[in-house]
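Please read these comments alongside the model.

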Amino acid sequence: MYLLLLPDSGAASVPDRPVARNPTVVAGVWRSLRRTSAIVTKEIQQLFRERMTLGMILGLPLLQIVLFGYAINIDVRHAPSGLVDHANTSMSRQLASALEATQVVDFVRRSGNVSELLDEMRSGAIRTVLYIPPDFERRLSDAGRPVAQLMVDASDPSRITATERIAQYLPSVRGEAGQFQMTLAIRNYYNPERRSSVQIVPALVGVILNFTMIVFTSVAVVRERERGNLEFLITTPVRNHELMLGKIAPYILIGLAQVTIVYFAGSWLFRVPTAGSLLDLYLASLVFVAATLGIGLSISTFARTQFQAIQGAIMFMLPMLLLSGFMFPFEGMPKVVQWIAYLFPLTHFVEVARGIILRGATLGDMAFRMYAISGLFLVAMLVPVLRFSKRLD
Amino acid sequence: MNGNDYAISCCGLTRRFGAVTAVDDLNLDVPRGRIFGFLGPNGSGKSTTMRLLCGLLAPSAGHATVLGCRVPEEAEKLRLRMGYMTQKFSLYQDLTVIENLRFVARAFSLGQRRMKERIAANSALYQLESLHSRLAGTLSGGQRQRLALAAVTLHEPQLLLLDEPTSAVDPQSRRDFWDRLFELAEQGATILVSTHFMDEAERCHRLTFLDRGAMVREGAPRDLMNRLEALTVEIDTEAPRRTRALLGTQDWVRAVTQLGNRLRVMLMPDMEEPAEKVRELLGEADLQAVVRRTPATLEDVFVAATGFGGSQRA
């Protein structure tokens, strides 16, 4: 990768000292590496000097995985619910407790009045109301007639799915009453318990990296400008590609450290089994981290101030996050939006991470995704290398 | 104009920023191994000229050759052979002194051994050893400046461009700094230095006065003072303000500068007995004063060069 981006470093020869004129590629590469090491060392030293930043780099992902892992939970659990049981028979109580046994609803309000509970639902105090009519027993023996009504606050779409799912428990109650009705058998691959944390943790590795990596490098170049270091830096023989590679190299290590934190904390906290190879996961992460760092650097060469850089980073991150397939199913997006989403490394990485961790896929299985991320990395690095000017005008 | 005789030569060098012409048709030949001074009020184009010569800015017109390289086209080739010290401290304030020095050494691709030697040598020369572990941001003005000069000379450049290097430095540090510059020049380096200070200007081998982007005087300090197109007298008086007001009305007085109870007066160069004429004038006005002829200073040259504007912009 390094040699690839190193067109002509032998140009730095010193004509005044013929002995030092060593046009061999080795000497040129050595000098180039030396210059790159100047940037790498400096970046690491600056990073360690800013304890706050360092703490954020390592602490933030941990905080995020815990927070997101628990909070971004598309499972509906223990939704506070109301119960109106006008039948009040052993069978009706059995129905209510069967629903509660699913853990989706908790009947925290009991009332004789439906409209009173609907008012509470409007205020958000409860999310669903189960109404069992007085003729519940008679309905049980009347095939095809709904025995009871579940009223759902559908303002959050995930609740619809959840309640549709528990509605399937109704027939089993009726089954005990001797009735038979066909139900749809649902079988879930990869997440048989349908725990959303299993879907979220792999993608979260990408989302958290995407967030921190872009923010950190988006200020990398503009910070030199704001602190007045740029005017000196551009009078040194450090070339553009050396500067850019030197700036991302330390963050690649930090990115991999973050992968480790997020992955292991996530797997352990949310009991996510890993089907694929860890090496594959790290290799994929490496390329992905480099690509996101490149995007950050690109932003940095456009921004005039650190404030602008952060704004730019946020502007980029939001669509990346929303279109990645992490928040909403990728398949549901219009084609045009999907094409846009393909331009973001995160979209591909979410797929790769899920593939490796959940489906046990190898990098070879997802070659297209890996090529896409690698290609995006090259483009993302080319932008700052070509855009950064060692001039002030 | 030959790139081998001169460290820097530029011809018709011009740089415009929108409607403002920062550097206007500058012709300059800086001989090798000399300390060459740039003088001029703020905004006269000193910094812009240095940036043009470093290849940090492209000229709007004209061209410049530095150490035989055309700038800005061949600026990258030039980097290893020249050093540029910016007006503001531009090393990393959140790195220590030694970290900054190592950074610069690596950036100029000095090998491990040479890096050690050069840092040791320059640390001794610029008294930085005891400061190695200090953060650059906590250094005093003089210490920073020593660090900056140590850093910019690590790779032993043949040409140094120093943009107002002593503006934030106490007088003793300034003297030490200039001693270092003379040592560097003796070792063969060419130094282009801009300054506000006349005592510093006087120490340069050659001087260029810039005003509003154009070169207005050029030569050795002694020659410039001898060639001054004005006569100078000094007046000691108890009533400097009244005296000054009176002199200001005379068409043979070119400029008056007050220095405490003294007045420094520049008169038309073709006068026969300047001190006598001033005495006469003051005597008629009943002003007690001691008037004497004095040799010209660079300050006078500066005032003359910037058009006798009555300004004390230096």
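The points below take the basis of the model, then the helix, then the sheet.

1. This is a predicted model, in which local features need pLDDT of at least 70, side-chain atom pairs count only at pLDDT 80 or more, and totals for chains, interfaces and linings use all residues. Residues are numbered from 1 along each chain as its sequence is written, while chains are lettered from A and ligands numbered from 1 in the order in which they are written.

2. Helix α1 of chain A covers residues 25–49. Helices (H or I, at least four residues) and strands (E, at least two) are DSSP runs, numbered from the N terminus. The expected span, 1.5 Å times one less than the number of residues, is 36 Å for these 25 residues, and the end C-alpha atoms are 36 Å apart, which agrees.

3. Buried residues (20 or more other C-beta atoms within 10 Å of their own, C-beta atoms being placed from the backbone) of α1(A) include A:Arg31, A:Arg35, A:Ile39 and A:Lys42. Their cover includes α11 (240–269) of chain A and α3 (97–107) of chain B.

4. In chain A, four strands make an open, mixed sheet ordered β2-β1-β3-β4. Its edge strands, β2 (105–110) and β4 (149–152) of chain A, each pair on one side only; pairing requires at least two DSSP bridges between two strands.

5. Strands β1 (residues 79–85) and β3 (residues 128–132) of chain A run parallel, joined by five bridges. A:Gly82 stands opposite A:Val129 in β3(A).

How values were computed:
A residue is buried if 20 or more other C-beta atoms lie within 10 Å of its own, exposed if 12 or fewer, and partly exposed in between; C-beta atoms are placed from the backbone. Two residues are in contact if their C-beta atoms, placed from the backbone, lie within 7 Å.
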